[in-house]
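Hi,

Here is the structure I promised to pass on.

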Amino acid sequence: MTTTSPAAPFAGLAFDHTYARDLAGASVPVRAAVAPAPRLVRVNRALAEELGLDADALASDAGVRVLAGTDVPPGAQPVALAYAGHQFGGFSPQLGDGRALLLGELLDRRGRRVDLHLKGSGRTPFARGGDGKATLGPVLREYLMGEAMAALGIPTTRALAAVTTGEQVWRERPLPGAVLARVASSHLRVGTFEFFAARDDRAALARLVDYAIARHDPALRDHPRKALALLAAVGERQARLVARWMLVGFIHGVMNTDNVTISGETIDYGPCAFMDAYDPATVYSSIDRDGRYAYGNQPRIAQWNLARLGEALLTLIHDDLETAAADATEVVRGFAATYQAHWLAGLRAKLGLPGPLADGDAALGDDFLALLAADGVDFTLGFRALGPAATGDVAALDELFPTAAAYQPWLERWRARLGSAATAATAAAMAQVNPAFIARNHRVEDALAAAVERNDFRPFDTLLGILARPFDDQPAHAAQMAPPPRAQQRTHRTFCGT
Ligand code: AMP
Ligand code: MG
C-alpha cells in the first residue's frame with residue numbers, strides 16, 4: 001500500500017527534532033534560500049539504504065528541491081545551530097551555521113539517531129558577511145573525502161547527496177552554486193559548549209551535557225560526575241580519531257574547535273588532504289600560513305582543543321573551580337597517553353607485528369618513518385610495500401627507495417621481529433590496514449576541475465569508485481596509486497570550502 005497523505009514522510013524522511021526541542025537557545029528556525037533550478041549531482045544510494053530512505057524519491061525533482069533546501073518536507077523544522085569556536089587559536093564567541101541548516105534528525109535502520117544537514121542552503125542569522133552559499137567544487141570535495149574516510153573505516157560525517165542550485169555564486173569568479181546534504185551522528189561540537197560557556201549560561205550548559213550524553217554516551221547518564229566523564233569520553237574518541245587520521249596520512253587542515261565533534265567523527269572537510277611523501281611538517285591549506293594544523297601537529301592540537309572543552313565545562317565539573325581545573329587538567333593530560341596507545345596499536349598493525357607489545361616496537365615504527373622522511377618516500381606506498389616484503393618480495397620497496405641499502409638494515413630488524421609471523425596471512429592482514437588508494441590531492445583536484453569546468457563527472461565517479469575499496473589492489477587503476485611528481489606535491493594548495 002502506498003501512503004500519499006500529506007503528513008506521510010517524504011522519501012522516508014521521518015524527522016524528529018530533539019535538538020531544537022531540548023536545547024533552547026542553541027538554534028534558530030531558518031528558511032533556506034530558494035534555488036532557481038536545483039539539479040541532482042549525486043545521491044549516495046548505499047547511505048540512503050542504511051538510513052531507510054528512498055534514493056529514487058530523493059533523486060526525483062521533488063527530492064532534489066528538498067535536498068537543495070527549497071522545499072521543506074513534511075515534518076522538517078529547519079534550524080541553524082549556534083556555536084562559538086577557537087579559530088587558529090583566537091576565540092570567536094559567535095559563529096554558528098552561517099550557510100547551513102539542520103533539517104531534522106532521523107533514525108537509521110539500526111535505530112541510531114543521525115542529523116540531516118544541508119550545507120550551502122543560504123544565509124542564516126549567523127551568516128555575518130557571508131553569502132550563505134557553497135560552490136560545486138568544495139561540495140564535491142567534501143562528498144569525496146567523507147566517502148574515502150568512511151571506506152577506510154574512519155569515523156566521519158557522510159554525504160547523502162550533492163545538488164547544484166542553478167545559481168552562479170561569486171568566488172573571485174562565478175562558480176556553480178551547490179548544496180551538500182550531510183549526515184552526522186550529531187553536530188555537537190566543542191564550539192557548541194564554548195558558545196554557552198562564553199555566555200555564562202550554566203543551566204544551558206548542563207542541558208547540553210545531558211543532551212550530549214543521551215546521544216553519544218548513554219552509559220554515563222547516571223554518572224556522579226557527568227561533565228568530567230563526558231570530557232574523558234570525548235578525549236577518548238578524539239584520541240582514537242586523530243590516531244586514525246595520522247595512520248593514513250590525513251591532514252584535516254582546519255582543526256578549529258568549531259570543527260571538532262563530540263561524537264568523534266571527522267567533520268567539515270575544507271582544505272583537507274592526504275599527505276604524499278612522509279613529512280610531519282606537511283601543510284596543504286593556503287590559509288594555514290604558520291602550519292598550526294600541519295600533519296605532525298594534529299595530536300597536540302587535538303589535545304589543545306580538548307583543553308578548550310574542559311574550560312567550557314569547568315563550572316559543571318566542580319563547584320570549586322580549582323578542583324574543577326585540576327580534574328579537567330588531569331583528563332586533558334591523559335589525552336597524550338591515550339593518543340599514543342591508539343597510534344602505537346595502529347602502527348603495530350601497519351607493520352604486521354604479532355603478539356603483545358614488545359620493547360622495540362615503537363622504535364621500529366619510528367625508524368621506518370625516519371627512513372621514509374630521509375628519502376622523501378610516499379607514506380601510503382611505503383607502508384603498502386611492507387606487506388609483500390613480509391614474505392620476501394621487496395620489488396615494491398625497491399621502487400620507492402633510491403637503493404636497497406637505504407632500507408636493508410631496517411628490513412632485517414623488522415623481519416627478525418616478525419619471526420614466524422612473516423607469512424602470507426600477516427601480509428594479507430597488513431593489506432587490510434595499509435590502504436593502496438587514498439584520495440590523493442592532485443587526483444581530487446583533477447576530478448573537481450573536470451566536474452566544475454567541463455561538467456565531466458567521469459573522473460569524479462571513477463575516483464569515488466576506487467576509494468570505496470581502498471584496501472583492494474585494483475590493477476586497472478594502478479596509476480591512481482601514484483603520488484604526483486615530487487616537485488608538484490606542495491604546489492597543490494587547498495582552499496577553504498566557502
Ligand atoms: P567553516 O570554515 O566552513 O567551518 O566555517 C566557519 C564559519 O564560517 C561557520 O560559522 C560557517 O557557517 C561560516 N561560513 C563559511 N562560509 C560561509 C558563507 N559562504 N556564508 C556564511 N557563512 C559562512
Ligand atoms: Mg566548520
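A polar side-chain atom of Asp268 sits 3.3 Å from an oxygen atom of ligand 1, a polar contact in the sense of N or O atoms within 3.5 Å. The backbone of Gly98 also takes part, with a polar atom 2.7 Å from a ligand 1 oxygen, and an N or O atom in the Arg99 side chain is 2.9 Å from an oxygen of ligand 1. Of the 480 Å² of accessible area that ligand 1 has on its own, the protein covers 85% (Shrake-Rupley method, 1.4 Å probe).

The model is predicted: local features need pLDDT of at least 70, side-chain atom pairs count only at pLDDT 80 or more, and totals for chains, interfaces and linings use all residues. Residues are numbered from 1 along each chain as its sequence is written, chains are lettered from A and ligands numbered from 1 in the order written, and side-chain values use heavy atoms, without hydrogens and water.

Around ligand 1 there are 15 residues, the closest being Gly96, Gly98, Arg99, Asp131 and Gly132 (a heavy atom within 4 Å). That shell holds three nonpolar, six polar and six charged residues, with Gly counted as polar.

Enjoy looking through it!

Methods
A polar contact is a pair of N or O atoms within 3.5 Å; within protein, one must be able to donate a hydrogen and the other to accept it, and residues adjacent in sequence count only if both atoms are side-chain atoms.
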